[in-house]
Amino acid sequence: MNPASEHWIARTIKQTADEHSELLAKTRAIESLVEGMHYPPPGDVARKLRALAEHLAAHIDEEEKSPLYTTVPEKVPELRDEIALRRGEHVPLMIALRQLTVEAERAHDASMASALGMRIRSAVAAIRQHEAGESSILHRLRELDALD
Ligand SMILES: [Fe+2]
Ligand SMILES: [Fe+2]
């Protein structure tokens, strides 16, 4: 791998990690609200979900223009399928969060034991899994030593 591509990959890994870290902080805020209080105010849960949904939409918009979804699938066929799989998760993740936001706005109970609370926790877990999958693609890219 030449020094220019090493630099390019390292920069993408760092940038993705920073953005994911910010996004995951918002998922933790929702988790601690839903899981930490016996009866969290549904309005608070709805506000946090809305903020997360907006943040996620902006993140995905930027991310799909980033090397992970543009240069990498073009140049590294070995990663193409997994990148396509991750890309396919973007819309369902956003839809799920928006639906949960609307439901939380009307809900009387968003506690951990409620049906809504459980679905919120699943949605948060799905986001975390998605972001971890993307980070893993970038690390495999570095290992593949594929960009000359
Ligand atoms: Fe993503
Ligand atoms: Fe991401």
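Because the model is predicted, local features are reported at pLDDT of at least 70 and side-chain atom pairs count at pLDDT 80 or more, whereas totals for chains, interfaces and linings use all residues. Residues are numbered from 1 along each chain as its sequence is written, and chains are lettered from A and ligands numbered from 1 in the order in which they are written.

The secondary structure of the protein chain consists of five helices and zero strands. Here helices (H or I, at least four residues) and strands (E, at least two) are DSSP runs, numbered from the N terminus. Read from the N terminus on, the order of elements is α-α-α-α-α. Along the principal axes, the C-alpha atoms of the chain fill a box of roughly 55 × 20 × 20 Å. The protein chain has 148 residues, of which 23% count as buried. A residue is buried if 20 or more other C-beta atoms lie within 10 Å of its own, exposed if 12 or fewer, and partly exposed in between, with C-beta atoms placed from the backbone. Two residues are in contact if their C-beta atoms, also placed from the backbone, lie within 7 Å. Among the contacts with a separation of 6 or more, 77% are between residues 24 or more positions apart.

Two packed helices are described by the angle between their axes and the distance between the axes. Axes are lines fitted to C-alpha atoms, for helices over the stretch in contact, and angles run from 0 to 180 degrees between N-to-C directions. Helix 2 and helix 4 pack at about 160 degrees, and their axes are 8 Å apart. These two helices are therefore roughly antiparallel to each other; angles under 35 degrees count as roughly parallel, over 145 as roughly antiparallel, 65 to 115 as roughly perpendicular and the rest as oblique. On the side of helix 2, the contact includes Val45, Leu49, Leu52 and Leu56, and on the side of helix 4 it includes Leu93, Leu97, Leu100 and Ala104. The residues of this contact are 14 nonpolar, two polar and three charged. In this division Ala, Val, Leu, Ile, Met, Phe, Trp, Tyr, Cys and Pro count as nonpolar, Asp, Glu, Lys and Arg as charged, and the others, Gly among them, as polar.

Helix 4 (residues 77-106) also packs with helix 5 (residues 115-144), at an angle of about 160 degrees and with the axes 10 Å apart. Helix 4 and helix 5 are therefore roughly antiparallel. Their crossing is left-handed, and the contact holds 15 nonpolar, two polar and eight charged residues.

In soluble globular proteins, nonpolar side chains tend to be buried together. A nonpolar core is a set of buried Ala, Val, Leu, Ile, Met, Phe, Trp, Tyr and Cys residues joined through C-beta atoms within 7 Å. The largest such core in the model has 16 residues, and those with the most contacts inside it are Ile30, Val45, Leu49, Leu97 and Ile120. Helix 1 (3-36), helix 2 (42-63), helix 4 and helix 5 each give two or more residues to this core, and helix 2 provides the largest share, five residues. Not counting residues up to four places away in sequence, Val45 touches Ile30, Leu33, Val34, Pro40, Ala104 and Ala110. A second, separate core has five residues, including Ile9, Leu68, Val72 and Leu138.

Individual residues illustrate the burial classes. Val124 is in helix 5 and counts as buried because it has 22 C-beta neighbours inside 10 Å. With residues up to four places away in sequence left out, Val124 touches Thr27, Ile30 and Glu31. The C-alpha atoms of Val124 and Leu93 are separated by 9.3 Å, and the two residues are 31 residues apart along the chain. Arg142, also placed in helix 5, is partly exposed, with 16 other C-beta atoms within 10 Å.

Two loop residues count as exposed. His38, in the loop between helix 1 and helix 2, has 7 C-beta neighbours inside 10 Å and therefore counts as exposed. His38 and Met112 are 74 residues apart in sequence and 7.4 Å apart in space, C-alpha to C-alpha. Glu64, in the loop between helix 2 and helix 3 (71-75), counts as exposed because it has 12 C-beta neighbours inside 10 Å. Glu64 and Ala51 are 13 residues apart in sequence and 20 Å apart in space, C-alpha to C-alpha.

Terms used. A crossing is left-handed if the near helix is turned anticlockwise from the far one by less than a right angle, and right-handed if clockwise.
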